[in-house]
Amino acid sequence: MRCFILLLLLPALPFQSCIAWVCPTIQRFATTRVSRKNSPSTILAISQAPYISGAEQSWDDVQAKERHVAADSSTYLIHTGHAIKMIKRCVAIEGLSVSDGWTPQATEAFSLAVEAVVRANPILTGQLIEEKRSPWPWAQTSSLRVIPGVFPPESHSFLTTVKPPANLTSPAQVVNEEMNEAASAKELFHHVHSHIAPCLLGKAEFSYDQIKNVSPLFEAKIMDFGDGYAAYSIKMSHALGDGTTFFQIIKQLSSYMNGHTSQPINWDNPLKATHEIYPETFSKQDYDRSYGGPFGWGVLKNIRTLGKRKCEFLLLNKDKIAKKKRELHESTENARISSNDVVMSVICQMCGSSDIFAFDRSVRGIKDGVDKSDAGNFFWEIPFDREKGAANPSVIRNILTSESGTYYDTDEVPLLPSLSGRVGRITSLASITQKTTFPGSNVICQFPSASFISDLPLDVAVIFRFDEDHFGLMHNFRRVTPSPLLSEIIA
């Protein structure tokens with residue numbers, strides 16, 4: 001039925017976006033040749049064996065590869081549950097840092113540290129595959145796995161050196177000591193997202209792209225300006241883990257750069273294969289509404305306006321946020337709010353095109369059996385009423401401190417917002433950010449990839465730590481409304 005509906009709508013919708021978001025199965029048929037040599041009996045046998053999505057291959061290749069994976073106990077099981085649909089549609093996590101005090105020794109240390117991280121975490125050398133019991137659209141059972149060693153560090157370089165374009169201004173010329181601090185931060189913020197980021201942060205790469213293209217799941221880039229400034233980026237497949245996992249790798253990279261022994265990252269927690277992205281208190285109805293079903297209709301609606309979305313980047317002043325937080329603390333209901341709560345309330349005020357927002361919450365240390373050192377997509381998306389969040393910053397804090405940890409109780413997730421495409425996402429990287437440091441150098445700013453917002457057919461906002469004095473905020477809202485709170489905290 002999904003395929004039939006999609007075919008009816010194809011003339012009015014961007015083809016690639018429809019395939020990618022609404023029916024990944026059609027994408028697999030488009031990129032996988034079925035050998036005409038196969039007899040009906042062979043096809044019947046294949047329908048009863050796992051189907052592995054990847055580059056162009058015959059069914060014989062598929063079966064041979066499946067037997068190899070089944071025999072290899074060292075493969076990493078990523079997921080087997082409902083969350084596979086969402087994980088496949090997640091864009092790779094990517095961000096850059098700009099440092100001063102950079103030297104050729106720092107570049108060498110960075111290169112050696114990247115290789116050390118890869119060797120310490122074999123999953124980063126792997127290939128992402130999808131196994132299905134059948135290639136047909138109505139088949140539901142599937143799993144995501146990583147085959148390690150497909151990109152061995154002995155023959156594959158995970159670090160790319162990027163030469164600065166001749167017309168690219170070094171950050172040294174932007175960070176002007178004669179300018180006041182606020183003006184300097186604004187200039188650097190604009191320079192990084194407009195000029196440096198396009199050189200280091202690639203176009204959006206979703207997990208299904210990595211399955212189809214057999215592309216590496218981890219990579220790094222460095223651009224040395226030769227004047228004591230350098231910019232470098234790290235990218236990790238979202239299939240491997242969430243933002244916390246990403247910054248675990250950054251922390252490990254920094255340890256290796258400084259010659260320290262790094263705390264191991266645990267990739268083997270079996271719970272990651274069954275952990276669902278939405279809270280465990282949700283019913284089957286809530287899961288259906290959150291993961292798919294009506295949400296697919298909303299995505300279809302939003303795809304038609306994808307080209308009209310405009311990404312906006314805002315610089316927020318931490319001192320102003322702290323001042324506003326103190327003012328709000330005078331009210332009893334806001335006594336426990338954080339700076340992050342204030343910014344999330346601003347986001348709720350700004351967005352006029354979604355009725356529900358969902359924010360990410362790590363379950364490490366909250367869910368039984370999940371430790372803080374565990375890697376994987378160990379987070380919950382917590383949906384809540386956007387208008388309530390706009391009116392009261394304490395809404396988020398009340399959710400986090402409540403016994404259930406949710407806004408909606410069982411069977412309360414509304415249907416209409418998902419059906420109409422009025423559901424958005426908020427991701428906050430501010431509290432989990434880690435830096436790569438080297439003796440004599442200093443990270444002056446950090447910036448996430450704009451692909452978090454530029455290629456998704458729904459309202460998305462990302463909060464991040466730009467520098468010691470500022471938060472950054474980027475969003476792609478279809479409709480922006482005035483925010484009184486924003487005017488009080490913007491840099």
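This report walks through the main features of one predicted protein chain.

## What you are looking at

The model is predicted, so local features are described only at pLDDT of at least 70 and side-chain atom pairs only at pLDDT 80 or more, while totals for chains, interfaces and linings use all residues. Residues are numbered from 1 along each chain as its sequence is written, and side-chain values use heavy atoms, with hydrogens and water left out.

The chain has 20 helices and 15 strands. Both kinds are DSSP runs numbered from the N terminus: helices are H or I with at least four residues, strands are E with at least two. Of the chain's 491 residues, 56% count as buried. Here buried means under 20% relative accessible area, exposed means over 50%, and partly exposed is in between (1.4 Å probe, protein chains only).

Now for contacts, meaning heavy atoms within 4.5 Å. If you take those between residues at least 6 apart in sequence, 75% join residues at least 24 apart.

## The nonpolar cores

A nonpolar core is a set of buried Ala, Val, Leu, Ile, Met, Phe, Trp, Tyr and Cys residues joined through side-chain atoms within 4.5 Å. The largest one here has 90 residues, and Phe 110, Ile 196, Phe 218 and Trp 267 have the most contacts inside it. Apart from that core lies another, of 35 residues, with Ile 321, Ile 347, Phe 357 and Ala 461 among them. Back to Phe 218: leaving out residues up to four places away in sequence, its contacts include Val 114, Phe 158 and Ile 249.

Phe 447 sits in strand S13, residues 442-448, and is buried at 3% relative accessibility. Phe 464 is 17 residues away in sequence and 7.4 Å away in space, C-alpha to C-alpha. Beyond its neighbours within four places in sequence, Phe 447 touches several residues, including Phe 189, Phe 313, Phe 464 and Phe 466.

Have a look at Ser 233 too, in strand S8 (residues 229-236). Ser 233 is buried, with 2% relative accessible area. Its side chain reaches the backbone oxygen of Leu 200 at 3.5 Å. Gly 95 and Leu 96 are among the contacts of Ser 233, and both also turn up in the contact list of Phe 447.

## Loops worth a look

Ser 353 is in the loop between helix H15 (339-350) and strand S10 (356-362), yet it is buried, at 3% relative accessible area. Its side chain makes a polar contact of 2.8 Å with the side chain of Asp 459. A polar contact is a pair of N or O atoms within 3.5 Å; within protein, one must be able to donate a hydrogen and the other to accept it, and residues adjacent in sequence count only if both atoms are side-chain atoms. Setting aside residues up to four places away in sequence, Ser 353 also touches others, including Arg 422, Arg 478 and Arg 479.

Two other loop residues have a positive phi without being glycine. Val 214, with phi of about 50 degrees, lies between helix H10 (207-213) and strand S7 (218-224). Asp 411, with phi near 70 degrees, lies between helix H17 (394-401) and helix H18 (416-420). Val 214 is partly exposed at 26% relative accessibility, and Asp 411 is partly exposed at 44%.

## Salt bridges

A salt bridge is a side-chain nitrogen of Lys or Arg within 4 Å of a carboxyl oxygen of Asp or Glu, and the count comes to 13. One of them joins the side chains of Asp 242 and Arg 364 at 3.0 Å, N to O. Asp 242 is in the loop between S8 and helix H11 (243-257) and Arg 364 in the loop between S10 and strand S11 (379-385), so the pair ties together parts 122 residues apart in sequence. Asp 242 is buried at 5% relative accessibility, and Arg 364 is buried at 8%.

Another pairs Asp 341 with Arg 397, the closest N and O atoms being 2.9 Å apart. Asp 341 is in helix H15 and Arg 397 in helix H17, so this pair ties together parts 56 residues apart in sequence. Asp 341 is buried at 1% relative accessibility. Elsewhere, salt bridges with shared partners join Glu 115, Arg 119 and Glu 154 into one network.
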